[in-house]
Amino acid sequence: MITEFAQGSTILVDKPFEWTSFDAVNKLRWHLRKRIGVKKLKVGHAGTLDPLATGLLVICIGKHTKLIEGLTSDAKTYTGTFLLGKTTPSYDLETAFNSEKPTDAISPEQLEEVRSGFLGVQQQVPPLFSAKQIDGKRAYDYARAGIEKELKSNAVEITGFTIETSRFPEIDFEISCSKGTYIRSIAHDFGQKLGCGATLVALRRTKSGAYDVKDSKTVDEWIAFIEEQPL
């Protein structure tokens, strides 16, 4: 019954491209409230995905929202693509390319050396185009206003990092990492270490803790499920 579902459940959503995580939460909350006929219902997600990313969004409903803090701490796995030789201020395609350098001289040995250097615990500086708080405001608010601010580094751990170079200068990857890791920063730093720059051009979250995107449904599929359930 949908009332029991809304009282406490955790669902796996495959977030669409260009949706914010809040967009997905808000749409599902609206349909649940409408179906049940209540004005208020707790719904939240366990780990934000950028609008330009797709993939696994763990959403908790009702009593399960108490689990969010623990679920957010889970390790994550991502797949995607870096483009070598071009950079943007946001480290992804939210902003336009602002530099270009040749990649012809980069060898497979260099790529492997840089890749392996990311494994383990390290300090990472988040992108300025991020939701990090600086003096009570989101970092991206300063970035979009053209104001430069310094972000503090955070300790993160990369437990797995594989690359596929058959589409060079595009580099396809899979990364497993601790919570709070910015894949955009890995793309930026990867390019910096090679001396040519890089931009994150595709990103998909495939795992979060014990959850896998293979077991998820789209937002529309969850809405259909909500509408089909008896009260």
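In this predicted model, helix α2 is followed by glycine 37, a residue with a positive phi near 85 degrees. Buried positions in α2 are Ser21, Ala24, Val25, Leu28, Arg29, His31 and Leu32. Viewed down the helix axis, these buried residues fall within an arc of 165 degrees and therefore line one face of α2. In general, an α-helix has 3.6 residues a turn, so residues three or four places apart point the same way. Phe22 and Lys34, on the other side of α2, are exposed. The cover over the buried residues of the helix includes α1 (2-7), β1 (8-15), β2, β3 and α7 (219-228).

Electrostatic pairing was examined next. Side chains of opposite charge can pair when their charged atoms come close. Across the whole structure, seven salt bridges are found. One of them joins arginine 184 to aspartate 50, with 3.1 Å between the closest N and O atoms. This pair connects distant parts of the chain, 134 residues apart: arginine 184 belongs to helix α6 (residues 183-194), whereas aspartate 50 is situated in the loop between β2 (43-45) and β3 (54-62). Arginine 184 is buried, at a relative accessible area of 4%, while aspartate 50 is partly exposed, at 27%. A network of salt bridges links Asp50, Asp92 and Arg184.

Arginine 167 takes part in salt bridges with two acidic residues, glutamate 170 and aspartate 172. The closest N and O atoms are 2.5 Å apart in the pair with glutamate 170, and the N to O distance is 2.6 Å in the pair with aspartate 172. Arginine 167 is partly exposed, with a relative accessible area of 41%; glutamate 170 is likewise partly exposed, with a value of 26%.

A polar atom of the glutamine 124 side chain lies 2.9 Å from the backbone nitrogen of tyrosine 182. Beyond residues up to four places away in sequence, glutamine 124 touches Lys152, Ser153, Asn154 and Val156, together with Gly180, Thr181, Tyr182, Ser185 and Ile186. Of these, Ser185 and Ile186 fall within the residue range of helix α6 (residues 183-194).

Notes. Residues are numbered from 1 along each chain as its sequence is written. This is a predicted model: local features need pLDDT of at least 70, side-chain atom pairs count only at pLDDT 80 or more; totals for chains, interfaces and linings use all residues. Side-chain values use heavy atoms; hydrogens and water are left out. A polar contact is a pair of N or O atoms within 3.5 Å; within protein, one must be able to donate a hydrogen and the other to accept it, and residues adjacent in sequence count only if both atoms are side-chain atoms. Contact means heavy atoms within 4.5 Å. A salt bridge is a side-chain nitrogen of Lys or Arg within 4 Å of a carboxyl oxygen of Asp or Glu. Helices (H or I, at least four residues) and strands (E, at least two) are DSSP runs, numbered from the N terminus. Buried means under 20% relative accessible area, exposed over 50%, partly exposed in between (1.4 Å probe, protein chains only). The arc is that of the directions from the helix axis to the C-beta atoms.
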